[in-house]
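Visitor: I have a structure here that I would like to walk through with you. Could you take my questions one at a time?

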Amino acid sequence: MDYYSSKIQSLIEELAKLPGVGQKSAQRLAFHLVNLPLEAVEKLADTILEARRGVRYCQKCCTLTDAELCPICSSPSRDASTIMVVENPRDLAAYEKTGQYEGLYHVLHGAISPALGIGPADIRLKELMQRLQTEDIAEVIIATNSSLEGETTAMYISKLIKPTGIKVTRIASGVPVGGDLEYIDEVTLLRALEGRVEL
Ligand code: ZN
């Protein structure tokens with residue numbers, strides 16, 4: 001079965017581990033890479049290493065950043081009394097692209113999924129609750145996906161926050177069921193945000 005040299009074979013195997021990259025794409029990428037000038041490959045490899053080494057979680061909202069606080073949390077022009085809870089940094093990026101949301105975020109890095117054995121302690125929920133105690137928050141907007149996991153997470157969070165008296169809202173269900181927020185167009189996202197309902 002080994003048509004290629006073992007070095008190319010292991011490159012194909014590593015590339016095929018990336019999300020969205022199947023065997024065929026992995027082969028195409030591998031051959032593209034080995035045909036590039038050495039400097040180009042070195043630059044790519046360095047950029048990947050730099051990104052991986054430099055990245056960390058924002059101390060406040062837990063999104064990926066390369067400083068103690070991300071640019072959004074450290075911006076004085078954001079409305080610090082509103083927190084939008086999203087599942088991952090890509091969802092945050094989707095809302096930022098609309099340019100209309102002025103508040104802060106909290107990135108959970110996942111959603112509760114009993115089926116996959118992911119519980120509340122496995123996502124950045126404790127960090128959110130700590131923020132609610134130390135920051136002056138008027139509203140928490142829950143913008144998790146409308147998948148089963150996203151809805152489970154939304155219900156769980158709203159039950160946790162309710163006793164604190166802080167307003168909890170959920171984005172409108174204009175977002176297609178199971179749809180990842182990042183694939184939804186900006187108009188739909190804004191409509192979902194504007195049509196949010198109190199839980
Ligand atoms: Zn942040």
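Visitor: In which sense do strand β6 and β7 pair?
Guide: Happy to start there: this is a predicted model, where local features need pLDDT of at least 70, side-chain atom pairs count only at pLDDT 80 or more, and totals for chains, interfaces and linings use all residues. Residues are numbered from 1 along each chain as its sequence is written, and side-chain values use heavy atoms, leaving out hydrogens and water. Strands are DSSP runs (E, at least two residues), numbered from the N terminus, and two of them pair if DSSP finds at least two bridges between them. Strand β6 (residues 167–170) and β7 are joined over two bridges, and the sense is antiparallel.

Visitor: Which residue in β7 is the bridge partner of Thr169?
Guide: Thr169 has its bridge partner in β7. That residue is Glu198.

Visitor: Which strands stand at the edges of the sheet?
Guide: The open sheet has five strands with mixed pairing, ordered β4-β3-β5-β6-β7. An edge strand has a single partner, so one side is left without a neighbour in the sheet. The two are β4 (103–107) and β7 (197–198).

Visitor: Which residues are the protein donors of the zinc ion?
Guide: Donors are N, O and S atoms within 2.8 Å of the metal (3.2 Å for Na, K and Ca); water is not among the atoms, so sites may look incomplete. Here the donors lie 2.3 Å from the zinc ion, each through SG, and follow the spacing C-x2-C-x8-C-x2-C. They are Cys58, Cys61, Cys70 and Cys73.

Visitor: Is Cys61 buried or exposed?
Guide: Buried means under 20% relative accessible area, exposed over 50%, partly exposed in between (1.4 Å probe, protein chains only). Cys61 has 2% relative accessibility, so Cys61 counts as buried.

Conventions. Helix = DSSP H or I, 4+ residues; strand = E, 2+ residues; numbered from the N terminus.
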